[in-house]
Amino acid sequence: MRRFQCPKCENEVHFDNRQCVVCTTQFGYLPSADKMLALSGGNDETYPCENRNVIGCNWLCEGVTNLNQCLSCRHTTKLPDLSVSENLRQFTLLERAKRQLFYSIMKFRLPLYRSTESAEGYLHFELLGDEIDSEGEIERVMTGHKQGRITINIAEADDATREKIRKAHGEPYRTLIGHFRHEIAHFYWDKLVAGKQSIDEFRAIFGDERADYSDALKVYYKKSAPHGWSKSFVSAYATAHPWEDFAETWAHYFHMISGLETAYAYGISPQPVKDSAPYMVLISDPFDVIDLRILVDHWVTLTVAMNEMNRSIGNFDYYPFVLSDSIFRKLKFVHDLIGAHTKN
Ligand SMILES: [Zn+2]
Ligand SMILES: [Zn+2]
Ligand SMILES: [Zn+2]
């Protein structure tokens, strides 16, 4: 994430802020301009998202449209019953993570395939909670993707629930933003890989996705990941099926680029311990770098330092992964795929 400034006093403000703590100016984030603008800035072109006072959405809408919601909020097509206060809290946290997701989508210039006629086939989100049916049975909401529709069980926004699942599945990066990044990968796989030229390369790297999906998941949940999985996969869950491997790699790639963008914004550039090793020059725009090797080299150096930072205060490692050659090939597939659609 990059850094932002208050449009009035230039004090540092953050991506989710709505008001400057120094001069009390109310502002909002305009995605097309990638900057914070004052609400009473004397322009009629922009106006706050209608969710601003509901869930603290700080994004702005623009232009003469009848859209009352910002780019991120209007991609949520179903939401839980907000008269339940716990639902409102969870919805707020999910939408916050989703704005971060849309920030990356915009930076990568990935298409949204938006159509005004129907929701079918374009990226949209249903953020729903489990319900009790008329027979008193719990109807569980499964987090997942189908033809552009991404369903997230809002209980994931509950820290205790998510932590329980995270531990049970051995997933160091089970977070809300991680879920969003993972689920959109399935959508982009459908759009950019299925039936396209890249399918052969995909199968050579990730395996054949025609293997029965539900059988594969059943096996995974019964037997867990094979021994030594971390040499070739970014997570245990990635071993379940080539689609899940792709989605986990895609999410990991988003984490890496986002982390590199933050490092640049704050001028964090750890140097090699050996004087003779090349000096690390910060990458100003990791979204636009063509050579993945440059990104990965920076990322590895940075994460070693970040791990030491965390250890120095007794925390878990920031980045408990090793990027093997086989994982590099997978990341490169994602990197080239996004680049082919956006960097020209
Ligand atoms: Zn200010
Ligand atoms: Zn909004
Ligand atoms: Zn998945």
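These legends describe close-up views of a predicted model. Local features need pLDDT of at least 70 and side-chain atom pairs count only at pLDDT 80 or more, whereas totals for chains, interfaces and linings use all residues. Residues are numbered from 1 along each chain as its sequence is written, chains are lettered from A and ligands numbered from 1 in the order in which they are written, and side-chain values use heavy atoms, with hydrogens and water left out.

**View 1. The zinc ion (ligand 2) and its four cysteine donors.** Cys49, Cys57, Cys70 and Cys73 each give an SG atom lying 2.3 Å from the zinc ion (donors are N, O and S atoms within 2.8 Å of the metal, or 3.2 Å for Na, K and Ca). The angles among the four donor atoms run from 106 to 114°, and the site is tetrahedral (four donors with all angles between 85 and 135 degrees). Ideal angles for four tetrahedral donors are 109.5 degrees. Along the chain the donors follow the spacing C-x7-C-x12-C-x2-C. Cys57 lies in the loop between helix H1 (52-55) and strand S6 (60-62), and Cys73 in the loop between S6 and strand S7 (76-78), so the pair ties together parts that are 16 residues apart in sequence. Helices (H or I, at least four residues) and strands (E, at least two) are DSSP runs, numbered from the N terminus. Cys57 is buried, at 0% relative accessible area, and Cys73 is buried at 2%. Buried means under 20% relative accessible area, exposed over 50%, and partly exposed in between (1.4 Å probe, protein chains only).

**View 2. Trp250 in the largest nonpolar core.** This core has 76 residues, and those with the most contacts inside it are Ile184, Tyr188, Phe246, Trp250 and Tyr253. A nonpolar core is a set of buried Ala, Val, Leu, Ile, Met, Phe, Trp, Tyr and Cys residues joined through side-chain atoms within 4.5 Å. Leaving aside residues up to four places away in sequence, Trp250 touches Leu110, Arg181, Ile184, Ala185, Tyr188, Val334, Leu337 and Ile338 (contact means heavy atoms within 4.5 Å).

View 3. A salt bridge is a side-chain nitrogen of Lys or Arg within 4 Å of a carboxyl oxygen of Asp or Glu. Glu86 pairs with Arg89, their closest N and O atoms being 3.5 Å apart. Lys98 and Glu95 form a salt bridge at 2.8 Å, N to O, and both are buried.

Technical notes:
Four donors count as tetrahedral if all angles lie between 85 and 135 degrees; four count as square planar and six as octahedral if opposite donors are over 155 degrees apart and all others between 65 and 115; anything else is irregular.
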